[in-house]
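Open the model in your viewer and keep the sequence panel beside it. We will go from the whole chain to one spot on its surface.

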Amino acid sequence: MPMRLYHCNDDQVVLVENSLFAYDNFVVNNAQNVELMIQEGGSHDACLLPFYIDAINWFDSLR
């Protein structure tokens, strides 16, 4: 199954390093079809709605 990880690089609640670490581990372990979507300059709250909308559209595209 395809997977996307979403993160804003200015998030002070959940550090972007968590998503980078997770993504790298998926790739090292031969995960197929994994993407890391990083928004430059966004905070935890600022990226919530745009990423939520993008995720819904992405899920819809997988049907």
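This is a predicted model: local features need pLDDT of at least 70, side-chain atom pairs count only at pLDDT 80 or more; totals for chains, interfaces and linings use all residues.

Residues are numbered from 1 along each chain as its sequence is written, and side-chain values use heavy atoms, without hydrogens and water.

Now colour by secondary structure. The chain has 2 helices and 2 strands. Their order from the N terminus is β-α-β-α. Helices here are DSSP runs of H or I with at least four residues, strands runs of E with at least two.

Next, select the lining of the largest pocket: Tyr 6, His 7, Cys 8, Asp 11, Val 14, Ser 43, His 44, Cys 47, Leu 48, Phe 51 and Tyr 52. Strand 1 (3–8) and helix 2 each give two or more residues. Which element gives the most? Helix 2 does, with 5 residues. A pocket is an open set of points on a 1 Å grid over the protein atoms alone, where a 1.4 Å probe fits, with protein on both sides within 12 Å along at least five of seven lines; lining residues have an atom within 4 Å of a point.

Finally, click Tyr 52 in helix 2 (residues 44–61). Is Tyr 52 buried or exposed? Its relative accessible area is 52%, so Tyr 52 is exposed, the cut-off being over 50%.

Methods. Buried means under 20% relative accessible area, exposed over 50%, partly exposed in between (1.4 Å probe, protein chains only).
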